[in-house]
Amino acid sequence: SDVCSSDLFPSHDRGSWNTFKMLEGGIAHVWMTTFESTEVTDFSLKDFPEISKAKALILDMRRNGGGNAHVGYDILKTLGTDVFPTSKATIRNYRSLNRTQYNSNPEHTFPIYKVTPDASHQFKGPVVVLTSGQTFSAAEDFVVAFRNMKRGLIIGGATAGSTGSPISFNLPGGGSGRVCVKNDTFLDGTEFVGKGITPDIKVEQTVADFRNKIDTVLNAGVS
């Protein structure tokens, strides 16, 4: 069945962190617009007894601007019993003197972070993650880890392609800029910075559905 858009864009209160609704057919729809606070995890675990009764779960990351990747990982802990890896992260070990004297600008790749499941909270049904061009930063870390888990499909649009971790600087005329200083990739080196993470099933909102307040992407996730 079609879902009205008014159900999908929560106001900036408690719902802006985590909105849970049981859709027709016993499908749990969990909308998360940030990973800035551990309250996201707290609300998810509070709702977990009800969510665990669902036949399937849709995790909606389409307007998630990121925050702390570990908040997202805490959600993923409830979706599987196996330890799973996250993304590969590389930074520059930049020292201006080394570059001047030795033309050296080495890189450092962090050990792959692996997440241990939450044995006391486990959802065993089918799972879908919804994404869009407004899925940023730590939310993209979430999507990478979800794909590594091989737990379900990613549906919607390509993510923003920005891992966050920016350095900020002032610009002439009173402006400011930010540049990402960390290069995240999939474990095999596949790049997504500047490109976005491609969904398993690409679905875009149509103009007609938007005018009729029908959420094309959510309906694809439901089906």
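A residue counts as buried under 20% relative accessible area, as exposed over 50%, and as partly exposed in between, using a 1.4 Å probe and protein chains only. By that rule Ser 137 is buried, with a relative accessible area of 14%. The model here is predicted, so local features need pLDDT of at least 70 and side-chain atom pairs count only at pLDDT 80 or more, while totals for chains, interfaces and linings use all residues. Residues are numbered from 1 along each chain as its sequence is written, and side-chain values use heavy atoms, with hydrogens and water left out.

**Overall build**

- The protein has seven helices and 13 strands. Both are DSSP runs numbered from the N terminus: helices are H or I with at least four residues, strands are E with at least two.
- The radius of gyration is 19 Å, close to the 17 Å that the globule rule gives for 223 residues, so the protein is as compact as a globular protein of that length. The radius is taken over C-alpha atoms, and the rule is 2.2 Å times the number of residues to the power 0.38.
- Along the principal axes, the C-alpha atoms fill a box of roughly 65 × 45 × 30 Å.
- Of the 223 residues, 45% count as buried.
- Contact means heavy atoms within 4.5 Å. Among contacts with a separation of 6 or more, 71% join residues 24 or more positions apart.

**Surface and charge**

- The protein exposes about 12000 Å², and carbon and sulfur atoms supply 51% of that area. Areas come from the Shrake-Rupley method with a 1.4 Å probe.
- There are 23 positive and 23 negative side chains, and the centres of the two sets lie 4 Å apart. Lys and Arg count as positive, Asp and Glu as negative; His and the chain ends are not counted. Each charge is placed at NZ of Lys, CZ of Arg, CG of Asp or CD of Glu.

**Nonpolar cores**

- A nonpolar core is a set of buried Ala, Val, Leu, Ile, Met, Phe, Trp, Tyr and Cys residues joined through side-chain atoms within 4.5 Å.
- The largest core has 34 residues, and those with the most contacts inside it include Phe 35, Leu 76 and Phe 142.
- Elements giving two or more residues to this core include strand 2 (27–31), helix 2 (39–51) and helix 5 (138–149). Helix 5 gives the largest share, eight residues.
- Apart from this core lies another, of ten residues, among them Ile 27, Ala 56, Leu 130 and Leu 218.
- In soluble globular proteins, nonpolar side chains tend to be buried together.

- Helix 3 is mostly covered, with six of its eight residues buried. They are Ala 69, Val 71, Gly 72, Tyr 73, Ile 75 and Leu 76.
- Their cover includes helix 2, strand 4 (84–85), strand 7 (114–115) and helix 5.
- Beyond neighbours within four places in sequence, Leu 76 is in contact with Phe 84, Phe 142, Ala 145, Phe 146 and Met 149.
- Lys 77 sits in the loop between helix 3 and strand 4. This lysine is partly exposed, at 25% relative accessible area.
- Leaving aside neighbours within four places, the contacts of Lys 77 include Phe 84, Val 115 and Asp 118.

**Positive phi angles**

- Most residues other than glycine have a negative phi.
- Ser 137 has a positive phi, near 55°, and is found in the loop between strand 8 and helix 5.
- Lys 213 has a positive phi of about 60°. Its loop runs between helix 6 (207–211) and helix 7 (216–222).
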